[in-house]
Amino acid sequence: MKRTLLTNARLATMIRGKEPYGLIEDGAVAIDGERIAWTGPRAELPGEWANAESQDLEGRLVTPALTDCHTHIVYGGNRAREFEMRLEGASYEEIARAGGGIVSTVSATRAMDEDALVVDALPRLDAMIAEGVATVEVKSGYGLSLADELKMLRAARRLAELRPVRIKTSYLAAHAVPPEYKGRADDYIEDIVLPGMEAAYEAGLADAVDGFCEGIAFSPEQMKRVFEKARDLGLPVKLHAEQLSNLGGAKLAAGFGALSADHLEYLDEEGVAAMAGAGTVAVLLPGAFYTLRETQLPPVEALRKAGVPMAVATDCNPGSSPLASLLLSVNMVCTLFRLTPEEALAGVTREAARALGLQGEIGTIEAGKRAELAVWDVEHPAEFAYRIGFNPLHRLIRGDAV
Ligand code: DI6
Ligand code: FE
């Protein structure tokens, strides 16, 4: 296996401890194959690495490669017209109830085959990779039929064959009620969502199960049926919860030991406590907050106080967050939600990994973890949050393979 030593680097290891950002000045990283074998100050390098082939990073800052833990990058069409309507005063919910919104993307997605979906998703994925992202979660949820949900998940899996990136898929058939089931959400769950989950599981296409718990989508009772099936199959769950109103979705998800509850603008104290108790990650999505011109802020201070881990993601989707920049999300989550720059960087590294159940593999620069690192032309890690629309990536480093 290939052994490489990286030297002359400032390491933002993101390991929790005394130093902000887990910072190590004049650090070194020893890479053995696809894993980190050792990391620390260069002066303490173990003798066995003294003569290894090394690369001088010229004082650059190194972070764990970034993770975008909540995206919908596989879809057809776009919703620029809907954006115009919202600027003219229509709300996201009004558009959804009138048959626009998610359902309009469903028509466009159903009309495309798997290859076309892959081709459409690649530029969005490439934009992420160009900003140092090495792991992306991708949801289904615009097919809403058995065949079309599986088609979306297959397209998502293909992305990992075409690009040097790890893809984690989430089965999101419980995203909206398709037109053919209008007014019959329970039948849709019974006929499509549950059998589709089993089919996705059997084909190895789903790493997790997600849902949209909202007045315009599914009730907590309906989501409970979906989560019970996921539990039977041994699939982890997560939920779009408390985005537009408070239905107690986060509490429900926490009760199922959810990996994450996402959005959370309308989360209450009870939901915060339930998440803290279950170790459920709060995934904050400032791109959706911004795009919908939401004014209700997620309860960041309460989450922080309760010790709920906070991740940050793009929610890249054609309706509520047409945002493919995780770095811009880092800026927004500080400016709009008042995360600290350190919390924001942890949100796209350590906590994003946790939101995908990958905390043992990626998310910090630490011996034993995968050698997936981003090298940046920045001096201080607070610059990620400070700059707007600026990409300082020097290069991504990956060990042998993902
Ligand atoms: N909440 C969101 O923000 C996305 N899905 C969801 O459940 C929006 C999806 C869309 O508008 O197409
Ligand atoms: Fe989403």
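1. The four donor atoms around the iron ion (ligand 2) subtend angles of 80 to 166°, which makes the arrangement irregular. The model is predicted: local features need pLDDT of at least 70, side-chain atom pairs count only at pLDDT 80 or more, and totals for chains, interfaces and linings use all residues. Residues are numbered from 1 along each chain as its sequence is written, chains are lettered from A and ligands numbered from 1 in the order in which they are written, and side-chain values use heavy atoms, with hydrogens and water left out.

2. The iron ion (ligand 2) is held by His70 (NE2), His72 (NE2), His240 (NE2) and Asp315 (OD), at 2.1 to 2.3 Å. Donors are N, O and S atoms within 2.8 Å of the metal (3.2 Å for Na, K and Ca); water is not among the atoms, so sites may look incomplete. Along the sequence, the spacing of the donor residues is H-x1-H-x167-H-x74-D.

3. His72 and His240 link distant parts of the chain, 168 residues apart. His72 lies in the loop between strand E6 (66-68) and helix H1 (80-87), while His240 is in strand E10 (residues 238-241). Helices (H or I, at least four residues) and strands (E, at least two) are DSSP runs, numbered from the N terminus. His72 counts as buried at 2% relative accessibility, and His240 is buried with a relative accessible area of 2%. Buried means under 20% relative accessible area, exposed over 50%, and partly exposed in between (1.4 Å probe, protein chains only).

4. Helix H6 (residues 185-202) and helix H7 (residues 220-233) have axes that come within 10 Å and cross at roughly 20°. H6 and H7 are therefore roughly parallel to each other. Angles under 35 degrees count as roughly parallel, over 145 as roughly antiparallel, 65 to 115 as roughly perpendicular and the rest as oblique. Axes are lines fitted to C-alpha atoms, for helices over the stretch in contact, and angles run from 0 to 180 degrees between N-to-C directions.

5. Helix H4 (residues 114-129) packs against helix H5 (residues 146-162) at about 55°, with the axes 9 Å apart. H4 and H5 are therefore oblique to each other.

6. Ile388 sits in the loop between helix H15 (383-386) and strand E15 (393-398). At 63% relative accessibility, Ile388 counts as exposed.

Definitions and conventions:
Tetrahedral: all angles 85-135°; square planar, octahedral: opposite > 155°, others 65-115°.
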